[in-house]
Amino acid sequence: MKVLSVDDSAMIRKIIRGAVEVLDGDLLEASDGIEALELLEEEYRSIDLILLDWNMPRLDGMEVLKKLKADSRFRAIPVMMVTTESERSNIVKAIQHGAVHYLVKPFTIQELVKRIMESLGKGGYKND
Amino acid sequence: MTSMDIEKIADYFTDSLRQVLRTMAGFEVSNTSCDQLDFSDKESNIIGIMVLHGKKDAVISLSMEYSTAAMVIAYMTGILPEELSESDLFDGVAELVNIMAGEVKARLSNTPYHFLLTSPFSIGGTSLKVARKKNLTEACRHLKAGEMDITFRIAYI
Amino acid sequence: MDIDLYQIFGTSTKNIIKEMLDLDIKGMDSLKEEPGEIHSMGVSSIITFAGTRKGRLLIDMEPGLALYVANTLLGEEYDNIKNQMVLSTVSEINNIVSGDAVTQLNNSYSMRLRLAPPIVFTGQDVIISIPKISSLSSWGDTDYGRIRINIAWEGGNS
């Protein structure tokens, strides 16, 4: 399986890499929304899950989520928000716009692994 | 803003930081008050800062030695401290501030102290001196675990 | 509008420095994208503002210029950039420049921006790392040292 982590924090991407490796998966990384969309143009067929931060430079996570769900090529890829935005209204907004899960930082590595597995279950694997 | 209010808000932030460190790094830190000297400008190695925009604006910061930052980030990422670059430390300390503030933002969302987050930033260097306006309403806490000492400060303007 | 959001800070910096110190800034005409880490030239001050958008201005001065600014404005002879009065003066310059630029933006674009107080710092080999926001810088020269301004708006540079 292949996961795309979109987060401007290199530390968070490293933590996510650790979790994805626990699941024997591969990780692609983007440090903002624009970079993520550029990467998806090339890689969308192989990506099983997108982990998306909210507050990022250039293009924030909510805008990315809207663009993903508006594009027929990307729409089916499950998206899990991984963010510090913990206000209920924001969680509701993300789910309404198509996120399958919402993980608030801080999280344990076990929680992250579990949520990745659950999100993959909802979206279905493209690769074994 | 009374001194009691700011002390309570400082406790929210330090509770949040303790939770972040417990959850993501797996260690407990003790929380102690600062003495008078801690309120003056001190030399420090790496400082994560965020400005909070609210009815009253505030500045929060986390100061620590490079070695402490390396240890904290290492525990959080599972990467050995010596394998972390200076950039990793700057990024990690800024993200710590971001996560801590995000949690408190939600907690204060329906209070007069509700605030908007801004982009956190880190400053690093030797003989670092940071100054802010005088006569601010300030609070300060030390978070300690073994040799590690992280100083949290909040100042309302 | 978008380029105005950046250029206005260069214009305000030049005007305020000229008005308060009778000092010309040469250059500061173009903007260049900065990487995530900025190496301070001596004394740096950051101020943030929030309204319909959030942004910040960093003013960075070489030590000679920071001392000139403080000595001229305060009529003293400071020789150490770590002196509180020197730092406060650089911080105040940032406050005045940002106040001027933000007022113009508010008048032109109804951005309802409000300034937070500046933070100022100095040290050896100081690096400022702002991971969550991309920014543009502009450099200028004075007879007393270089000055850089770095402007960032959340939501991007486009």
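The model is predicted. In chain A, five strands form an open sheet with parallel pairing.

- Strand E2 (26–30) and strand E5 (101–104) of chain A stand at the edges. Each has a single partner strand, so one side of each has no neighbour in the sheet.
- On average, neighbouring strands of this sheet are turned by 20° against each other, direction ignored.
- Strand E1 (residues 2–6) of chain A is joined to E2(A) by five bridges, and the two run parallel.
- Ser5(A) has Glu29(A), in E2(A), as its bridge partner.

**A helix on the sheet**

- Helix H1 (residues 10–22) of chain A packs on the sheet. Helix H1 touches E1, E2 and strand E3 (49–52) of chain A.
- The direction of helix H1 makes about 165° with that of E2(A).

**Where chain C touches chain B**

- Chain C brings 26 residues to the contact, and chain B brings 27 residues.
- On the side of chain C, strand E4 (43–50), helix H3 (84–109) and strand E7 (119–129) each supply at least two residues.
- E7(C) gives the most to this side, with 11 residues.
- By class, this side of chain C has 13 nonpolar, seven polar and six charged residues.

- Lys129(B) has Thr122(C), in E7(C), as its bridge partner.

Key:
Residues numbered from 1 in each chain as written. Chains lettered and ligands numbered in written order. Predicted model: local features only at pLDDT ≥ 70, side-chain atom pairs only at ≥ 80, totals over all residues. Pairing = 2+ DSSP bridges. Helix = DSSP H or I, 4+ residues; strand = E, 2+ residues; numbered from the N terminus. Axes fitted to C-alpha atoms, helices over the stretch in contact; angles between N-to-C directions. Contact = placed C-beta atoms within 7 Å. Nonpolar A, V, L, I, M, F, W, Y, C, P; charged D, E, K, R; others polar.
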